[in-house]
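Let's walk through this protein together, one region at a time. Please keep the sequence and the 3D view open as you read.

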Amino acid sequence: MLRQVILSAAGNDRVKTVVAGAPVSRGVVRRFVAGEAVEDAVRTTRELQATGLAVSLDHLGEDTLSAGQAEATVRAYLLVLDRLAAAGLAAGGRCEVSVKLTAVGQAIDPALALDNARTICTAAAAAGTTVTLDMEDHTTTDATLAALQQLRVEFPSTGAVVQSYLRRTEDDCRTLAVQGSRARLCKGAYREPASAAFQSAAEVDASYVRCLQVLMDGPGYPMVATHDPALIALAGTFGRAPGTYEHQLLYGVRPAEQLRLAAAGQTVRVYVPYGDQWYGYLMRRLAERPANLGFFLRALVSRS
Ligand code: FDA
C-alpha cells in the first residue's frame, strides 16, 4: 500500500521538484548512489573490488525523449568503460555495466535503442566485460527481450533481467534457461496492474521461488538479485557450485551481507548507480522499504 503511494507520488511533478531540488536529498542519495561523476563510479568500483565484490555500474537515466539525450547516455557508458579498462577494473567481467533501453532511446525508436545498445556492447567487449539489460515496466518487456535476442547473436554473454512479480516471468525463465545465458532474477520495482503482475508479497515471493528453480535447473548462469534473506539462503540449496551462479545486491543495501556472502566463497556483484538522474531510482528504493522512507524523512527534518 505504502509502496503504491510512494510510486504514485514519484510521478508527480511537484513532488519531483521538491525532492530533487532539496539539498538534503543529496545526502540521502549518497547512501544508494556512488556519486554524479564518472570518477565517483570508478572510485566506488575500485573500493568494492578491493573487498572482494564484483560490480555492475548503472549510469542513471530513464525516459529519454530525444536522440541527442540517448547519444549522451551512450557516450557516458563509453567513457566509463574506457576508464574502467584503463584502471584494470573491467577485465574478466569484474565490473560490467547495466543499461536501461529507455535511456538509450527505446521510447523514441526501438531500432535506435538496439543500435545504441550494440555500441555499448562493443565497447564492453573491448574492455573485457559485458552488458546486462535492466528490465523496466511491463510495457517494455517484449521489446527488451527481443533486443536481448538480437544482441546475443553478436555478444552471447549479454544478460537479461526478469521480474518475479510479472505473471509471464516463469515462462520467460524457461526461454532464458539455456546455455551461455545470463539471467538476473529480481522481484520487480515498478507499479504494475493486477492484469500483468502479482500484487501480494507472498505471490511475488512464491513466483520468485518457481523462477529460481527454473533458472537453477538450466545450464545458464543465474544472477540472484535480491536482499531477501530467505531467497538468498534458498539459492544455496540447488546443488550448484559457487561460481556457476552469483548473488547481486544494490549498493547501500545490506552491505554486511554482501561481504558475508563473498567471504563464504560466493560470487557477489553490487549494482552501483551513478549520475545526476537519480530521482526515479531513489523513489523506487524508498518504496521498497518503509525504513528507508523513515531515514529520508528524518534527514529532511533534522537538516531543515
Ligand atoms: P524485498 O523488497 O521483499 O526485501 C526483502 C528484505 O531485504 C527486506 O525485508 C529487507 O531486509 C531487505 N531490503 C530490501 N530492500 C531494501 C532496501 N532498499 N533497503 C534496505 N533493506 C532492504 N528491479 C526492476 O524492476 N528491474 C531491474 O532491472 C532491477 N535490477 C536490479 C538489480 C539488482 C542487482 C537488484 C538487487 C535489484 C534490482 N531490481 C530491479 C530491484 C528489485 O526488483 C527489487 O525492487 C529490490 O531488489 C527489492 O526487492 P528484494 O528482492 O530485495 O526483496
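This is a predicted model: local features need pLDDT of at least 70, side-chain atom pairs count only at pLDDT 80 or more; totals for chains, interfaces and linings use all residues.

A polar side-chain atom of Thr226 sits 2.6 Å from an oxygen atom of the ligand. That is a polar contact, meaning a pair of N or O atoms within 3.5 Å; within protein, one must be able to donate a hydrogen and the other to accept it, and residues adjacent in sequence count only if both atoms are side-chain atoms.

Residues are numbered from 1 along each chain as its sequence is written, and side-chain values use heavy atoms, with hydrogens and water left out.

Which residues come nearest to the ligand? Of the 24 residues around it, they are Met135, Lys187, Gly188, Thr226 and His227, where being near means having a heavy atom within 4 Å. By class, this shell holds 10 nonpolar, six polar and eight charged residues. Here Ala, Val, Leu, Ile, Met, Phe, Trp, Tyr, Cys and Pro count as nonpolar, Asp, Glu, Lys and Arg as charged, and the others, Gly among them, as polar. Strands S4 (159–163), S5 (182–186) and S7 and helix H12 (279–288) each supply at least two residues of the shell. S7 gives the largest share, three residues. Helices (H or I, at least four residues) and strands (E, at least two) are DSSP runs, numbered from the N terminus.

Strand S7 spans residues 246–250 and includes Gln248. Is Gln248 buried or exposed? Gln248 counts as buried because its relative accessibility is 4%; buried means under 20% relative accessible area, exposed over 50%, and partly exposed in between (1.4 Å probe, protein chains only). Beyond its neighbours within four places in sequence, Gln248 is in contact (heavy atoms within 4.5 Å) with residues including Arg184, Met223 and Thr226.

Helix H12 also deserves a look. Eight of its 10 residues are buried, so H12 is largely enclosed by the rest of the structure. Among the buried ones are Tyr279, Leu282 and Leu286.

Now follow the chain to Asp228, in the loop between strand S6 (221–225) and helix H10 (229–235). Asp228 is buried, with a relative accessible area of 17%. Its side chain reaches the backbone nitrogen of Ala230 at 3.1 Å. Leaving aside neighbours within four places in sequence, Asp228 is in contact with Lys187, Asp205 and Arg254. Arg254 belongs to the loop between S7 and helix H11 (255–263) and is partly exposed at 32% relative accessible area. Phi of Arg254 is near 50°, a positive value in a residue other than glycine. Most residues other than glycine have a negative phi.

Another loop, between strand S3 (131–133) and helix H7 (141–154), holds Glu136. With 4% relative accessibility, Glu136 counts as buried. A polar atom of the Glu136 side chain lies 3.4 Å from the backbone nitrogen of Leu101.

What lies at the interior? In soluble globular proteins, nonpolar side chains tend to be buried together. A nonpolar core is a set of buried Ala, Val, Leu, Ile, Met, Phe, Trp, Tyr and Cys residues joined through side-chain atoms within 4.5 Å. The largest one here has 65 residues, and Leu57, Leu84 and Val272 are among those with the most contacts inside it. Helix H6 (residues 110–126) provides the largest share of this core, seven residues. A second, separate core of 15 residues includes Val19, Val33, Leu60 and Leu286.

Stepping back, the protein has 13 helices and eight strands, and 53% of its 304 residues count as buried.
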